[in-house]
Structures are given as C-alpha cells and as structure tokens.
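Thank you for making time this morning. I would like to walk you through one protein chain, and I will ask you to keep the structure in view while I talk.

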Amino acid sequence: MLGCTAYRSPQHQPLNQGKAVMSTTALILPEATTHFRLLKKDLPIPATTGRETFVTERSMFPGYFDPAFESLSKGPSQPLPARTGNLYEQIEDGDYEDLLGSFKIDLKQHLLTEHQALAFIRAHPEYFGNPDPSVRFLLEGEFVAVVRRGGGRLMAVANPFDYDVVWRAEFRSRLLLCN
C-alpha cells in the first residue's frame with residue numbers, strides 16, 4: 001500500500017461519515033476540495049521507528065501540551081519508511097465532518113502515525129506560524145493533532161474526529177495528509 005499506514009478499524013465508521021469511497025488501493029489525493037486548496041505537494045516525511053508518540057515527546061511542546069493526548073494516543077506504532085505528504089490550506093469554514101468529508105475519499109488510507117507527525121514537525125518548522133496557521137495531522141486512533149506556534153513556542157492540542165467545533169477559514173489552518 002502506498003499510503004502512510006494500512007490502518008483499518010472495523011469498529012469505526014469511515015472518516016467521511018458514510019460519504020467515503022472504500023478502496024483497497026491507494027487513492028490519489030485531490031488538488032482541491034470545497035474546503036481546502038493544495039498548498040504543497042509531495043513534502044517529505046522522514047522514516048520513523050514508530051517508538052515516538054506525542055506523549056513521549058511532550059517536551060517538544062513547551063507552549064502547551066493537551067492532556068487529552070494521554071487518552072487518545074494509540075501508543076507506539078510500527079517502523080515506517082520515508083513517505084511524502086500533501087499540505088492543504090483551509091479555505092471554507094466547517095467542522096471536522098465538513099472538512100474531512102470534502103475529500104470524498106476514505107481518508108483512513110492517508111492517516112499518519114504519531115511518530116510520522118512528530119518527524120514532519122521536526123523536519124519542516126517553516127510550516128508552523130506564530131500564532132497561526134496551525135497544522136492538523138489526522139492520526140491513527142482517529143484523532144487530530146493540532147500543532148501551532150504561540151509566543152515562539154510549539155503547542156499541541158488533541159481533538160477526536162467527532163469534535164464538532166467549526167474551524168474558521170480566515171485562520172488558513174493547514175492539514176497534512178500522507179500520499
């Protein structure tokens with residue numbers, strides 16, 4: 001499989017609330033959706049050992065570390081080779097169902113492990129503004145890590161996929177999906 005992970009969980013609904021297209025092959029990510037535009041294509045995501053999680057690396061986030069990572073994290077993952085990802089910029093308001101549903105594909109094939117997200121953060125500090133835009137990572141365990149810089153320091157917040165707050169497009173938040 002070409003995606004970041006081969007994660008499939010029968011007890012969870014598709015990320016797009018029934019609007020997903022299920023496939024056993026890797027899907028190509030779109031250039032744009034109703035809620036996102038492609039900002040950067042094929043950004044490198046370094047190889048990982050799978051040992052790091054947001055909880056074990058909380059010191060990376062001196063600005064703020066959300067205690068919700070403790071309950072949402074799946075823990076260590078398998079080692080993975082280097083990959084690429086697409087970085088999108090939000091252009092329309094929406095909650096997670098609207099935002100993720102706008103891709104109209106099964107996003108489970110494009111989830112990252114926590115270690116992949118951490119490796120991306122280390123490799124690409126230029127994508128973390130002060131204070132916005134934030135970068136969102138769709139992670140195994142079906143939660144979103146929201147990482148941004150505030151006061152020059154990285155902050156990390158964890159939201160479950162069913163978190164129903166409306167994310168405003170004016171902040172131009174970003175979303176990284178694995179190819």
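Before I place any residue, a word on naming: helices, meaning H or I runs of at least four residues, and strands, meaning E runs of at least two, are taken from DSSP and numbered from the N terminus. Please also bear in mind that what you see is a predicted model.

With that in hand, Leu-112 can be located in the loop between helix H2, residues 96-101, and helix H3, residues 114-123. Is Leu-112 buried or exposed? Its relative accessible area is 0%, and because buried means under 20%, Leu-112 counts as buried.

Of its 179 residues, 53% count as buried, and among the contacts between residues at least 6 apart in sequence, 79% join residues that are at least 24 apart.

I turn now to strand E5, residues 143-150, which is mostly covered, with seven of its eight residues buried. On one side, strand E4, residues 135-139, pairs with E5 in the antiparallel sense over five bridges, and in that pairing Val-135 stands opposite Val-147. E4 and E5 form a hairpin with three residues between them, and Gly-141, in the turn, has a positive phi of about 95°. E5 also pairs with strand E6, residues 153-160, again in the antiparallel sense, over eight bridges, and here the bridge partner of Val-147 is Ala-156. The hairpin of E5 and E6 has two residues between the strands, and within this hairpin Gly-151 takes a positive phi near 60°.

Ala-156 brings us to Asp-66, because contact means heavy atoms within 4.5 Å, and Asp-66, leaving aside its neighbours within four places in sequence, is in contact with Ala-156, Val-157 and Ala-158. Asp-66 itself is found in the loop between strand E2, residues 64-65, and helix H1, residues 69-72.

Finally, the aromatic rings, for which the count comes to 12 pairs. One of these is formed by Phe-69 and Phe-143, an edge-to-face pair at 6.0 Å centre to centre with 75° between the planes. This pair links distant parts of the chain, since Phe-69 sits in helix H1 and Phe-143 in strand E5, 74 residues apart, and both of these phenylalanines are buried. To return to Phe-69 and Phe-143, ring pairs link them with Phe-54, Phe-61 and Phe-65 into a cluster.

How values were computed. Residues numbered from 1 in each chain as written. Predicted model: local features only at pLDDT ≥ 70, side-chain atom pairs only at ≥ 80, totals over all residues. Heavy atoms only, no water. Buried < 20%, exposed > 50% of the residue type's maximum accessible area, 1.4 Å probe, protein only. Pairing = 2+ DSSP bridges. Phe/Tyr/Trp six-rings, centres within 6.5 Å; stacked < 30°, edge-to-face > 60°.
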